Amino acid sequence: MEFKKLDAIQKRILMEVADLHSVPEGAYNIRSDGQLAARSNSANIEITSKENGSGIDIRIKPGTKNESVHIPVIMEKSGLHDVVYNDFYVGEDCDVIIVAGCGISNCGGQDSQHDGIHRFFVGKNAKIRYVEKHYGEGDGSGKRILNPVTEVYQEEGSHVEMEMVQIKGVDSTDRSTIAKVAKGASLLVKERLMTHGEQYAASAYTVDLDGDGSSADIVSRSVARDKSYQRLDLRVNGNAACSGHTECDSIIMDEGRILAIPQLEANCTESALIHEAAIGKIAGDQLIKLMTLGLTEKEAEEQIVNGFLK
Amino acid sequence: MLELKNISFDVLEGHQEIGIIRDVSFTIPDNKFVVITGPNGGGKSTLARLIAGIEKPTSGSLFLDGEDITDKSITDRARMGISYAMQQPVRFKGIEVLDLLRLAAGKRVSVADACQYLSRVGLCAKDYINREVNASLSGGELKRIEIATVLARGTKLSVFDEPEAGIDLWSFQNLIQVFEQMRDSIKDSSILIISHQERILEIADDIIVVADGMIDRMGPREEILPSLIGTASAVGTCVPFSGKPASVPKIPTDENGNPIPKKNC
Ligand SMILES: Nc1ncnc2c1ncn2[C@@H]1O[C@H](COP(=O)(O)OP(=O)(O)O)[C@@H](O)[C@H]1O
Ligand SMILES: [Mg+2]
């Protein structure tokens with residue numbers, strides 16, 4: 001199937017999860033309902049299917065700069081449980097953007113589930129920016145479930161920035177991220193999470209700062225509305241002369257509930273670790289200020305939440 | 001025109017009702033620049049909050065252009081033309097100065113227009129327009145942005161609660177010019193400022209002195225100001241030990257007399 005033959009729903013989901021309006025530049029791999037829908041390699045980026053058919057390998061040649069890889073996943077079939085293993089081999093000195101994301105449109109009565117296991121092997125001094133958006137839609141009674149596992153192995157001097165966004169339509173998510181950060185390497189994570197209705201979202205990070213001069217900054221901002229529940233578990237282990245910071249900043253609304261579990265483990269006297277966690281409802285004076293500008297309470301709330309999750 | 005008629009505001013402290021505002025009546029006519037002063041804790045901010053609709057009076061009524069607004073919400077009053085700059089402005093994570101100015105103006109404002117409001121309050125627009133209105137801003141910066149949101153609204157009644165608080169001397173001079181300009185272009189609108197600053201009191205049409213939740217006295221500036229000079233209700237900008245006024249930095253202005261922002265913007 002070629003990219004242009006995607007139907008309207010598939011195209012809309014691609015826009016939601018990967019900001020794609022048309023065929024992306026550079027390398028891409030589009031997976032639809034458990035099948036390969038479209039693929040393109042570039043001179044420096046090669047995507048191949050694993051021999052056992054369980055996923056793909058993405059190999060980025062050393063020194064590749066200013067290129068991007070898109071690997072969106074679309075699910076429309078109700079009742080499908082898709083498990084996929086994607087391995088990224090990022091060569092030394094690369095500077096690339098990787099855009100992943102999964103959109104589920106489930107109008108049926110059965111659960112749809114996608115479990116993406118992403119592993120990143122980031123070479124010396126390479127820089128990657130990884131953007132992952134999760135999105136669900138459809139009014140069927142079947143649940144939309146996403147359980148991503150992300151593993152990041154960073155070699156010396158590498159820099160990884162991850163943006164994970166899930167703000168709509170995913171009924172249940174259990175996200176696990178681990179990272180191992182070598183000497184002089186840095187990891188920056190920005191997570192944005194919003195849950196509605198009876199949704200459940202869990203997100204756990206375990207970051208090992210193994211090398212001297214390594215650092216991690218894990219920032220999670222989340223909003224739990226209606227009767228949704230979130231569990232945020234941020235753990236950094238300082239195993240060398242490193243610096244780590246985690247921040248968990250959450251707004252609860254309606255009957256939303258959040259459990260935040262920041263954890264720091266210092267295994268080296270030279271490690272400097274900080275965590276911050278705050279949960280609370282929208283401050284009354286923020287609402288008042290926007291209302292004095294002429295917004296209704298509801299409009300004020302939306303502005304505050306949108307800004308917070310930006 | 002804003003009218004307060006016999007406004008009282010009581011709060012319950014323990015088992016005791018305390019009168020924070022006690023039977024206050026006054027009028028802010030159109031085209032007038034009115035300053036409220038008086039000792040700290042006297043109830044000035046509470047009056048501003050009652051006007052904006054953040055607090056509801058225990059008794060009494062408020063009228064805007066003859067219409068009873070006592071039961072109107074904060075939003076309704078804002079839409080009817082009341083603007084309010086808080087004594088302690090609020091911070092927001094993720095909301096940029098430009099977003100706030102656009103929300104304030106209630107319409108799509110060009111970046112250039114938004115920058116004008118910032119320049120008027122002495123902020124270098126390009127440094128601030130995309131800053132988040134969060135904890136990274138100093139108290140004085142936040143205060144000026146708060147004033148800019150009221151300028152952006154341009155409504156018929158603007159209420160400023162101690163606009164000069166936390167603002168450095170240079171910006172204060174600049175700010176006085178903002179208020180002088182507002183005063184000059186007041187047409188059909190009115191301005192209510194809570195302030196102890198002599199420089200602001202000097203440009204008032206009327207002065208209201210509030211103490212202990214009541215109006216101590218009010219009237220035209222010429223009548224009230226002389227009795228305030230030298231008290232905490234009318235503080236000079238800066239009085240050195242010699243008792244002579246400190247030299248005041250001169251504000252560079254462009255050919256139209258508008259202040260030129262300090263930094264090269
Ligand atoms: N909602 C409230 N509950 C209890 N006390 C209040 C409330 N609002 C104001 N006050 C008290 O009323 C007095 C006047 O406060 P305020 O209006 O802020 O004075 P000013 O602005 O003149 O300094 C203060 O003592 C303050 O603590
Ligand atoms: Mg006050």
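This is a predicted model: local features need pLDDT of at least 70, side-chain atom pairs count only at pLDDT 80 or more; totals for chains, interfaces and linings use all residues.
B:S45 belongs to helix α1 (residues 44–52) of chain B, and B:Q87 to the loop between β6 (82–85) and α3 (97–105) of chain B, so the pair ties together parts that are 42 residues apart in sequence. Helices (H or I, at least four residues) and strands (E, at least two) are DSSP runs, numbered from the N terminus. B:Q87 has a relative accessible area of 29% and is partly exposed. Under 20% relative accessible area is buried, over 50% is exposed, and partly exposed lies in between (1.4 Å probe, protein chains only).

Residues are numbered from 1 along each chain as its sequence is written, while chains are lettered from A and ligands numbered from 1 in the order in which they are written. Local features need pLDDT of at least 70, side-chain atom pairs count only at pLDDT 80 or more, and totals for chains, interfaces and linings use all residues; side-chain values use heavy atoms, with hydrogens and water left out.

B:S45 also belongs to the shell of ligand 1. That shell comprises B:V11, B:I20, B:P39, B:N40, B:G41, B:G42, B:G43, B:K44, B:S45, B:T46 and B:E55. A residue is near a molecule or strand if one of its heavy atoms lies within 4 Å of it. Helix α1(B) supplies the largest share of the shell, 3 residues. By class, the shell has 3 nonpolar, 6 polar and 2 charged residues. Ala, Val, Leu, Ile, Met, Phe, Trp, Tyr, Cys and Pro count as nonpolar, Asp, Glu, Lys and Arg as charged, and the others, Gly among them, as polar.

A polar backbone atom of B:G43 is 3.0 Å from a ligand oxygen. For B:K44, a side-chain N or O atom is 2.8 Å from an oxygen atom of ligand 1. For B:S45, a backbone N or O atom lies 2.8 Å from an oxygen atom of ligand 1. The protein buries 61% of the 560 Å² that ligand 1 exposes when taken alone. Accessible areas come from the Shrake-Rupley method with a 1.4 Å probe; for residues, only the protein chains shown count as cover.

Several other positions in chain B were examined. B:F92 sits in the loop between β6 and α3 of chain B. B:F92 is buried, at 2% relative accessibility. Its C-alpha atom is separated by 5.3 Å from that of B:V133, 41 residues apart along the chain. B:G139 is in helix α6 (residues 139–153) of chain B, and is partly exposed at 43% relative accessible area. B:G139 and B:Q88 are 51 residues apart in sequence, and their C-alpha atoms are 8.4 Å apart. B:L169 lies in helix α7 (residues 169–184) of chain B. Its relative accessibility is 35%, partly exposed. B:L169 and B:I54 are 115 residues apart in sequence and 31 Å apart in space, C-alpha to C-alpha.

Chain A is assigned domain 1 (1–143) and domain 2 (188–310). The bounds come from an automatic or database domain assignment. The centres of the two domains, taken over C-alpha atoms, are separated by 26 Å.

A:D57 is in strand β4 (residues 55–60) of chain A and is buried, at 11% relative accessible area. Its side chain contacts the side chain of A:K50 at 2.5 Å. A:N147 occupies the loop between β10 (144–146) and β11 (149–154) of chain A. A:N147 is buried, at 19% relative accessible area. The side chain of A:N147 reaches the backbone nitrogen of A:D174 at 3.0 Å.

For A:D226, a residue other than glycine, phi is near 50°. A:D226 lies in the loop between β16 (215–224) and β17 (229–238) of chain A and is partly exposed, at 31%. For B:D65, also not a glycine, phi is near 50°. B:D65 is in the loop between β4 (59–64) and β5 (67–68) of chain B, and is partly exposed at 40% relative accessibility.

How values were computed: A polar contact is a pair of N or O atoms within 3.5 Å; within protein, one must be able to donate a hydrogen and the other to accept it, and residues adjacent in sequence count only if both atoms are side-chain atoms.
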